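Here is a short briefing on one protein chain. Take a look at the model first, then read on by topic.

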Amino acid sequence: MRAFLVPELSHHSKIAVSSGVPEPKPAEGQVLVDVHSAGLNFFDILQTQGKYQLKPPLPFVLGTEFAGRISQDSPLPKGCQFKHGDRVFGAGQGTFAEKVAVDLARVLPLPDAMTYDQGAGLFITWPTSYEALVGRAELKPGEWVLVTAAAGGVGIAAVQLAKALGANVIAAAGSEAKLDIAKRFGGADHVVDYSKVGWQKQVLKLTNGKGVDVIYDPVGLINDCLKCIAWKGRALVIGFAAGSIEKVPMNLVLLKNVSLVGLHWGAYSIHERQRVPIVWKELLDLFSSGRVKPVIFQEIFSLEKIKDGLSALERRETWGKAIVRVKEVRVAKM
Ligand SMILES: NC(=O)c1ccc[n+]([C@@H]2O[C@H](COP(=O)([O-])OP(=O)(O)OC[C@H]3O[C@@H](n4cnc5c(N)ncnc54)[C@H](OP(=O)(O)O)[C@@H]3O)[C@@H](O)[C@H]2O)c1
């Protein structure tokens with residue numbers, strides 16, 4: 001099969017798509033999936049270089065999120081709700097390939113109304129933002145939320161979800177074009193360009209001097225954002241897309257009764273397994289109600305062009321979810 005196989009740790013630009021890669025053999029409790037589309041994630045760029053916490057043994061196929069069909073020759077483990085050919089989405093190591101073997105527990109039925117491209121970017125991205133806002137920050141209707149990298153993968157999901165939960169949303173991003181995306185596809189109430197010095201004053205003005213109740217930060221801008229947090233505000237630590245891990249002066253936390261709140265969605269399957277189906281039920285209800293909708297970057301990449309997709313992600317040129325279409329190639333019209 002064709003696959004983006006990492007033979008040794010290096011930058012993704014040095015790796016070519018391989019053909020003739022052996023198909024994965026499902027282990028006990030796994031199913032085999034024909035991948036139609038896969039989601040690109042920031043951590044894929046780190047994983048090819050051995051800089052991500054999950055380090056599969058070499059050689060390994062890159063990619064984690066996917067949408068596709070249960071292969072005709074897949075085993076159907078005990079308790080499997082799927083038939084051969086069923087449309088599914090989920091996550092597992094090695095989705096930048098024609099086939100992937102994944103744990104049954106990490107596969108869900110793809111809603112009929114969703115395309116493979118839309119389903120390919122859901123499994124990690126959306127529950128991260130949902131659980132952060134609902135389970136961790138306990139966001140209430142009418143509260144103010146500030147989302148950084150608001151046009152990015154997890155960011156635009158957070159903007160939509162916060163709106164659907166009745167919050168007032170301020171989207172922060174690094175360019176006018178991305179602010180426009182956050183407004184058009186995210187539904188943000190207000191936008192702020194955080195590449196401009198003193199942007200926090202705009203946030204304070206919008207909130208009548210009070211500041212925001214919740215910060216959702218996948219970039220590593222907690223210190224900057226604390227300048228415009230409200231009394232008893234909650235700052236969600238989601239990621240470090242800017243590349244460095246911040247140190248927060250604890251006096252800032254004390255002065256405004258602030259809570260710093262972490263969220264590691266991937267670890268729920270280990271520490272809080274019972275919460276996972278609850279989050280998915282609530283999320284899928286929101287999707288079927290039409291109140292939230294996956295946002296896909298305008299260029300769909302082929303498996304052969306995956307390097308370009310990862311580089312675009314690295315250069316901050318994408319918005320929404322960047323998708324690789326494994327089965328066929330065409331440019332999506334937005
Ligand atoms: N905690 C969890 O469970 C969890 C789950 C999924 C993802 N994450 C993390 O969330 C972060 C964002 O992931 P994503 O998939 O949404 O990524 P993404 O779509 O690539 O968005 C990242 C955005 O961060 C901003 N950014 C600021 N400085 C940057 C820099 N130096 N390099 C690259 N981007 C920079 C860019 O927006 P602007 O141009 O507007 O600044 C960029 O578009 C990653 O760190 C990821 O590991 C965490």
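The largest nonpolar core holds 50 residues, and Leu133 and Leu236 touch the most other members. At least two residues of this core come from each of β5 (87–91), α3 (125–136), β8 (144–147), α4 (153–164), β9 (168–173), β11 (212–217) and α10 (275–289). Helix α4 gives the most, with six residues. Nonpolar side chains tend to be buried together in soluble globular proteins. The model is predicted.

**Overall build**

- The protein has 11 helices and 15 strands.
- Its radius of gyration is 20 Å, close to the 20 Å from the globule rule for 334 residues, so the protein is as compact as a globular protein of that length.
- The C-alpha trace spans about 60 × 40 × 40 Å along the principal axes.
- Of the 334 residues, 54% are buried.
- Among contacts with a separation of 6 or more, 67% join residues 24 or more positions apart.

**Surface and charge**

- The protein exposes about 15200 Å², and carbon and sulfur atoms supply 55% of that area.
- There are 40 positive and 32 negative charges, and their mean positions are 4 Å apart.

- Beyond its neighbours within four places in sequence, Trp144 is in contact with Asn168, Ile170, His190, Leu206, Thr207, Lys210, Gly211, Val212, Asp213 and Val214.

**Ala167, between α4 and β9**

- Ala167 lies in the loop between α4 and β9.
- This alanine is buried, with a relative accessible area of 2%.
- Its contacts, leaving aside neighbours within four places in sequence, are Leu139, Gly142, Glu143, Val145, Ala162 and Asp189.
- Pro141 is 26 residues from Ala167 in sequence, yet their C-alpha atoms are 5.0 Å apart.

**Helix α11 and what follows**

- Helix α11 covers residues 306–314, and Ile306, Gly309, Leu310, Ser311, Ala312 and Leu313 are buried there.
- An α-helix has 3.6 residues a turn, so residues three or four places apart point the same way.
- The buried residues of α11 pack against α1 (42–47), β14 (301–302) and β15 (323–325).
- Ala312 has a relative accessible area of 7% and is buried.
- Apart from neighbours within four places in sequence, Ala312 is in contact with Glu317 and Thr318.
- Ala312 and Ala322 are 10 residues apart along the chain, and their C-alpha atoms are separated by 9.0 Å.
- Just after α11, Arg316 takes a positive phi of about 65°.

**Ser10, between β1 and β2**

- Ser10 is in the loop between β1 (5–6) and β2 (30–39).
- Buried means under 20% relative accessible area, so Ser10 counts as buried at 17%.
- Not counting residues up to four places away in sequence, Ser10 touches Ile15, Thr48 and Gln49.

**Backbone geometry to check**

- Which peptide bond is cis, with omega near -15°? The bond from Leu58 to Pro59 is.
- Pro59 belongs to the loop between α1 and β3 (60–61).
- Ala149 is not a glycine, but has a positive phi of about 45°.
- The loop between β8 and α4 holds Ala149.
- Lys232 is not a glycine either, and has a positive phi of about 60°.
- Lys232 lies in strand β12 (residues 229–237).
- Is Lys232 buried or exposed? Its relative accessibility is 52% and exposed means over 50%, so Lys232 counts as exposed.

Key
Residues numbered from 1 in each chain as written. Predicted model: local features only at pLDDT ≥ 70, side-chain atom pairs only at ≥ 80, totals over all residues. Heavy atoms only, no water. Helix = DSSP H or I, 4+ residues; strand = E, 2+ residues; numbered from the N terminus. Rg over C-alpha atoms; globule rule 2.2 N^0.38 Å. Buried < 20%, exposed > 50% of the residue type's maximum accessible area, 1.4 Å probe, protein only. Contact = heavy atoms within 4.5 Å. Areas by Shrake-Rupley, 256 points an atom, 1.4 Å probe, with all protein chains shown as cover. Lys, Arg positive; Asp, Glu negative; His and termini not counted. Charge placed at Lys NZ, Arg CZ, Asp CG, Glu CD. Core = buried A, V, L, I, M, F, W, Y, C linked by side-chain atoms within 4.5 Å.
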